[in-house]
Amino acid sequence: MKLLKDILYGVSLSAVSGDTNVMVNNVHFDSRKVEMDDVFVAVRGTVTDGHKFIQKAVDLGARAIVCEELPALMVNGVTYLQVDNCNSALAVIASNFYDNPSKNLKLVGVTGTNGKTTVTTLLYNLFKKAGFKVGLISTIKILVNDKEFKTTHTTPDVMTINNYLSLMNEVGVEFCFMEVSSHGIHQKRAEGLHFEGAIFTNLSHDHLDYHKTFAEYRDTKKKLFDGLPKTAFALVNIDDKNGLVMLQNTKAKKYTYALKTFADYRAQILEKQFNGQLLKVDDNELWSRLIGDFNAYNLLAIYATADILGLEKMEILRLMSELENVDGRFQYYISKDKITAIVDYAHTPDALKNVLVTINALRTGNENVITVVGCGGDRDKSKRPVMGHIASEMSDQAIFTSDNPRTESPTTIIEEMESGVEAQNVRKVLSIENRKQAIKTACKLAMVNDIILVAGKGHETYQETNGVRVDFDDFKEVKEALKSLKK
């Protein structure tokens, strides 16, 4: 149990009704989880408002209520604490509840539209290979040194984050690499954390269903850098015009990386093949199994971060040469018929374009590129015609299909993708709602040396429709479809 006034340290209180010198058991922002002597924080969510459930939390035994509006009925023996913003208060409370675990390790946040999972995961792998105890909080999974936990959000809620950081403290983790999404920043999930540094990868069209404008999306990302202390570092990609924007108001020590412009850390692509690429980094050559310009940027961010954190440069390059692709990120399989299948998480216009640019740069011109792609339901609708345009323009054959339609009609989503296809590309497009059938069709259409790209889901092993998730793995499906071909 914790003393209430101790976990409130640093929280700006507008009003207090009741005693703060009492012991509390746990902290919740979901009233259904409240038990005797817990603290309930009435967070206003995108779907519901926690203030509606204050009385329910009290009935379940809550000892203290944190809220933005004090209820008309306040029960004797319960402490009510009024704050300006419950999300911000929860972030500080969560950190205090777990004894500020982020201060006991070096936490590095990675933000940007694309590359977050690759950069955090590869940094985890590199530092693990270097002999450190390491933590990872990513879209794919959470790792506390060697122990793996599943995750459902790019940036988990603040209680979950601090819980895992506390577990990392217990086993002596020295470095933790964490994806920080725009949703997470906006909902204050990164507040109350002590960051050793932050990395900005890039910014392109995404999440405009949530942020409404690109400027709001950009400025939300920027808040991570605005909040860094002067003891931290800020590393940004300045080939992206938004990179310097991230540095405008930060107190942290500033570092830049780039492939095209002058920067503190620079790299050059010397050679590209399907099985890897040769880079020149700091006047040293590096052969990496990760291919594409986008991965060159990811690798450069990893190199720069490891250098800033104190690893020896030649050792960093040696360890980077051993790194392999992250699941669902340009993951490829070559069939006995020499058909190459590539599975990638590309679910934004920019990411899809980057992957197709990479594929087209590697092909000889005699192969066909067949792209299977869809767009998620209940997400930014404005990118659907753009995705349709890119897939049809940059492929020899495009197959539009379902991709986690959630509560939307898959047919409607596909029609919105089709609206972006220009007249001269219409003949190149097929629409097959069933994703399994779409992948099978792509495999049947492919000839020797052709390239199939299955984009959008990457590492995900499910398909979600109307709240129901069924097992579905793009990489498994395309491998099985190719193996069953009789040509």
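Let me begin with a term: two residues are in contact when they have heavy atoms within 4.5 Å. Leaving aside its neighbours within four places in sequence, M1 is in contact with M23, V24, N25 and D37.

What we are looking at is a predicted model, in which local features need pLDDT of at least 70 and side-chain atom pairs count only at pLDDT 80 or more, while totals for chains, interfaces and linings use all residues. Residues are numbered from 1 along each chain as its sequence is written, and side-chain values use heavy atoms, with hydrogens and water left out.

Staying with M1, is this residue buried or exposed? M1 is exposed, because its relative accessible area is 58%, and exposed means over 50% with a 1.4 Å probe and protein chains only. The C-alpha atoms of M1 and F53, which are 52 residues apart along the chain, are separated by 23 Å.

Now to the second largest pocket, where a pocket is an open set of points on a 1 Å grid over the protein atoms alone, at which a 1.4 Å probe fits, with protein on both sides within 12 Å along at least five of seven lines, and lining residues have an atom within 4 Å of a point. This pocket is lined by 20 residues, and A190, E191, G192, L193 and G227 are those that lie nearest its centre. By class, the lining has 9 nonpolar, 7 polar and 4 charged residues, with Gly counted as polar and Ala and Leu as nonpolar.

Finally, UniProt lists residues 328-458 in an unreviewed entry as "domain: Mur ligase C-terminal", an annotation that may be inferred rather than shown by experiment.

Notes
Buried < 20%, exposed > 50% of the residue type's maximum accessible area, 1.4 Å probe, protein only.
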